[in-house]
Amino acid sequence: MAVTTRRSDDYRLVYSSEQGRICPGCGQPAGKCSCRASKASPPGDGIVRVGRETKGRGGKSVITISGLPLDGEKLKTLAGELKRRCGTGGTVKDGVIEIQGEHRDLLVGELEKRGYRVKKAGG
């Protein structure tokens with residue numbers, strides 16, 4: 001009869017009561033994760049797409065901005081500036097900026113002023 005044992009290498013720490021969430025890749029606290037910082041922004045076609053979504057949001061519209069050639073901190077900074085320009089809330093998720101409300105034309109104009117090639121996408 002073969003007995004299999006598990007080594008401690010088979011388990012990864014994902015939460016600590018002292019440090020909170022732990023990155024399973026590098027083992028650092030989530031705020032100091034070196035895995036995410038090292039990832040480069042995905043290459044795109046150079047066009048920033050500004051779309052409108054209502055799916056899964058109870059009928060409320062959200063403007064999404066994707067295709068920006070920026071890394072994490074610069075993307076968050078730009079999102080903050082765009083939210084202040086629109087006077088509304090929003091977030092950054094997976095490299096996509098989400099701005100609450102119907103501000104697509106304002107955002108297209110603002111991004112064009114900043115030198116990006118912009119296209120309206122979706123409805």
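Two strands count as paired if DSSP finds at least two bridges between them. Within this pairing, Ile 47 stands opposite Arg 117 in S7. S3 also has S4 as a partner: the two run antiparallel and are joined by five bridges. Here Val 50 stands opposite Ile 65 in S4.

Residues are numbered from 1 along each chain as its sequence is written, and side-chain values use heavy atoms, with hydrogens and water left out. Because the model is predicted, local features need pLDDT of at least 70 and side-chain atom pairs count only at pLDDT 80 or more, while totals for chains, interfaces and linings use all residues.

Stepping back to the whole chain, there are three helices and seven strands, in the order β-β-α-β-β-α-β-β-α-β along the sequence. Helices (H or I, at least four residues) and strands (E, at least two) are DSSP runs, numbered from the N terminus. Of the 123 residues, 27% count as buried, meaning under 20% relative accessible area with a 1.4 Å probe, protein chains only.

What, then, lies in the largest nonpolar core? Such a core is a set of buried Ala, Val, Leu, Ile, Met, Phe, Trp, Tyr and Cys residues joined through side-chain atoms within 4.5 Å. The largest one holds 17 residues, of which Ile 65, Leu 68, Leu 82, Ile 97, Ile 99 and Leu 111 touch the most other members. At least two residues each come from S3 (47-53), S4 (62-66), H2 (72-86), S6 (96-100) and H3 (104-113). H2 gives the most, with five residues. In soluble globular proteins, nonpolar side chains tend to be buried together. Ile 99 has contacts (heavy atoms within 4.5 Å) that include Val 62, Ile 65, Ala 79, Leu 82, Cys 86 and Leu 107, leaving aside residues up to four places away in sequence.

Helix H2 deserves a look of its own. Its 15 residues reach 21 Å from first C-alpha to last, close to the 21 Å expected at 1.5 Å a residue, where the expected span is 1.5 Å times one less than the number of residues. Leu 75, Leu 78, Ala 79, Gly 80, Leu 82 and Cys 86 are the buried residues of H2, and they pack against S4, strand S5 (90-93), S6 and H3. Just after H2, Gly 87 takes a positive phi of about 70°.

How values were computed: Buried means under 20% relative accessible area, exposed over 50%, partly exposed in between (1.4 Å probe, protein chains only).
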